[in-house]
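Here is a short briefing on the packing inside one protein chain.

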Amino acid sequence: MSESKHLGVTPPISVSKSSKEEEALTVELLETLKREGQFDSDAESKNREVVLGKINNLVKEFVYLASLKHKLSENIARSCGGKIFAFGSFRLGVHGAGADIDILCVAPSHVTRDDFFHIMVDLLNNRSEVTEMTPVPETHVPVIKMQFGGVDIDLTFASLQQPTIPEDQDLLNINVLRGLDEKAIRSVNGSRVTDEILRLVPDVVSFRLALRCIKLWAKRRAIYSNSMGFLGGVAWAMLVARICQLYPNACAATIVSRFFYVFLAWRWPLPIFLKHVENANMHLRVWNPKLYPAEKLHKMPIITPAYPSMCATHNVSTSTKRIIGSEFKRGYEISQRIMKGQAEWTALFAKHDFFRQYKFYLQLNVTSTKEEAHHRLRGFIESRVRQYLVRLEEVNLIELVHPFTKGYDHEFVCASDQELQRIRDGNIPNQSSTPAPGTPVAPGTPAAATTPAADGQKTSADDCGDNGGSGPAADAADNEGKPQDEKKIFTSSFYLGLLLKEKDQFTSGARRMDLSWHTQEFIKLVKGNEVWVDDLMSISVRFLRQAQLPDEVFEGQPRARLHDPNKKKSKNKEKRSIDSENDSKLAKKAKVANAHVPSTSGVVVETPVNQNDKSESASDGGSGNMGGMGAVVAADPRAESVTIAAPVPMSNKSGAIKLKLL
């Protein structure tokens, strides 16, 4: 490649070819990714092709029926066409075993989005291969989620301003955007961005292998989620593509090594571009912080290459940017050892330690008594957790808020209204295992349990949590044959790790941390959305110590924290041990005395310490015990406001969480 011609907004850093040692490491990387299940089997690949062919035929049938509905003649209706475009990881050629397929359905101008969510849904309902279908019309990008022939499908829709859709329809032509509304532009741009990325990389083979590596790394390290404030698939693809432009002749192993080197040193918020921004005369908003002040606030701007260019990472917050930066540092250190032959590729893919990393966590719980309603609620909550995160970042005592990228879902059968209300209040029973299929469900025990899927595979969390609602008829069928007093409830729990600021030399005694206002503001946001049904749903937030986290999140791994940077060596270790033992005894008594804690409109989390006792408070790394369920930060105001006891009574000589009604 000559210096006068290059891909990207700047010339390459190096046009040198990789060494034989780097080529050998690329072969090792390929073999490692195969062992990690990052490639389809032949049977799965053939099944995907069959599924795509069937969906393409269904789209043509859908356009035909919609055309007849709009009074077109039989011959004209048959000639209107219709076509599908795969995009995302499948189109990029980096999908792994069990991954979903993103598909865009393109129709002529007379076919509407309303037709898509009625006629197309009816056609799909009549197919035996289709299961777990959930239409989601009211969202940023309207979509039908389903399983078709065992393959997860996200089907989006766009109606182009032309009378027919030919077989050779090209979406890269900028004129296809004319006359489209914002939702249609976002739908079409999913395909346009994917094609532009492939067009802008010098070596597609090296790009694909390097991207498979980075995707697996990001998922294993729990930083692969656009909705939670990290980076999604498109953003990771653009970062890898930019490194390919800077090192056009490098092999995949070199690309991965340079990836961590470049982005560890990158001066954010300097934006990432794959090409210069286009400014077509179509009056569409293009990313430009000079014109739009809000875009100056983007922490890690990565700009899509297809017109109209947008920021793919506007969800990144101060906390998630810092977390991504720390993972870049870890990745750089390991990749350097790999390139020197001092480590294996598997070291890069070591699983995250999120649930062993922090002393304190927030557990955000949502429940519903109807499955279909819960799927909608879960998806909405997952898309809004980052807004709660931003509110928490305003708390003076909090240094960083770390959201976990997956949710934990359960289905319970309750024998009484009291059991049902306890779960609605956020008292989610501790789950350490999933009952075997066919095992009878006892009242108050899980009817089913769903935890995040294996790393490297897309889960319902990445799909906004829609697992396919069964509807009222199916709910009735599920409850058939069960005693009338048994009631089902569906729950989802999301976790945020809290890193608190260290005490400065001028601070003595306890520090007060008030989360109630920020939490109540978030709950108001949730309840103000049309997805909320007050009679069916509840939401609560609990403040937990790391030791109080449920067994299921550790997945059989050790529970012990990795480190405790704020822990101090005390000369009164024996005395503190006795105090801790006393607190433990009090906690057991409280478990009976406070079997049901009333809901409140909000509480304050405090960390009181007796002046005669220098042991640390709960917020400051102390040894106080709050009991198995944690402290309620906020919950539904279903009960009359009363002053409530702390979930666990504490000794006066030991720091611990104290609750006080606002």
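Helices and strands here are DSSP runs, numbered from the N terminus. By that numbering, Glu552 is in the loop between strand E11 (537-545) and helix H15 (573-593). The model is predicted.

**Glu552**
- Glu552 is buried but has no salt bridge.
- Its nearest side chain of opposite charge is Arg559, 10 Å away.
- The Glu552 side chain makes a polar contact with the side chain of His410, at 2.7 Å.

**Nonpolar cores**
- The largest nonpolar core has 106 residues, and Phe207, Trp217, Trp236 and Phe259 touch the most other members.
- Helix H8 (residues 233-246) gives the most to this core, 10 residues.
- A second, separate core has 33 residues, including Leu58, Val63, Ile101 and Cys105.
- Leaving out residues up to four places away in sequence, Phe207 touches Leu92, Ile197, Leu198, Val201, Ala237, Val240, Ala241 and Cys244.

**Aromatic pairs**
- The count of aromatic pairs is 33.
- Trp217 and Phe328 are stacked, 6.2 Å centre to centre with 15° between the planes.
- Trp217 lies in helix H7 (residues 204-220) and Phe328 in helix H10 (residues 318-339), so this pair ties together parts 111 residues apart in sequence.
- Phe328 counts as buried because its relative accessibility is 1%, and Trp217 is buried at 0%.
- Phe259 and Phe328 pair edge-to-face, 5.9 Å centre to centre with 75° between the planes.
- Phe259 is in helix H9 (residues 252-265), so its pairing with Phe328 of helix H10 ties together parts 69 residues apart in sequence.
- One aromatic cluster includes Trp217, Trp236, Phe259 and Phe328.

Definitions and conventions:
Residues numbered from 1 in each chain as written. Predicted model: local features only at pLDDT ≥ 70, side-chain atom pairs only at ≥ 80, totals over all residues. Heavy atoms only, no water. Core = buried A, V, L, I, M, F, W, Y, C linked by side-chain atoms within 4.5 Å. Buried < 20%, exposed > 50% of the residue type's maximum accessible area, 1.4 Å probe, protein only. Helix = DSSP H or I, 4+ residues; strand = E, 2+ residues; numbered from the N terminus. Contact = heavy atoms within 4.5 Å. Lys, Arg positive; Asp, Glu negative; His and termini not counted. Salt bridge = Lys/Arg side-chain N within 4 Å of Asp/Glu carboxyl O. Polar contact = N/O pair within 3.5 Å; in protein donor to acceptor, adjacent residues only side chain to side chain. Phe/Tyr/Trp six-rings, centres within 6.5 Å; stacked < 30°, edge-to-face > 60°.
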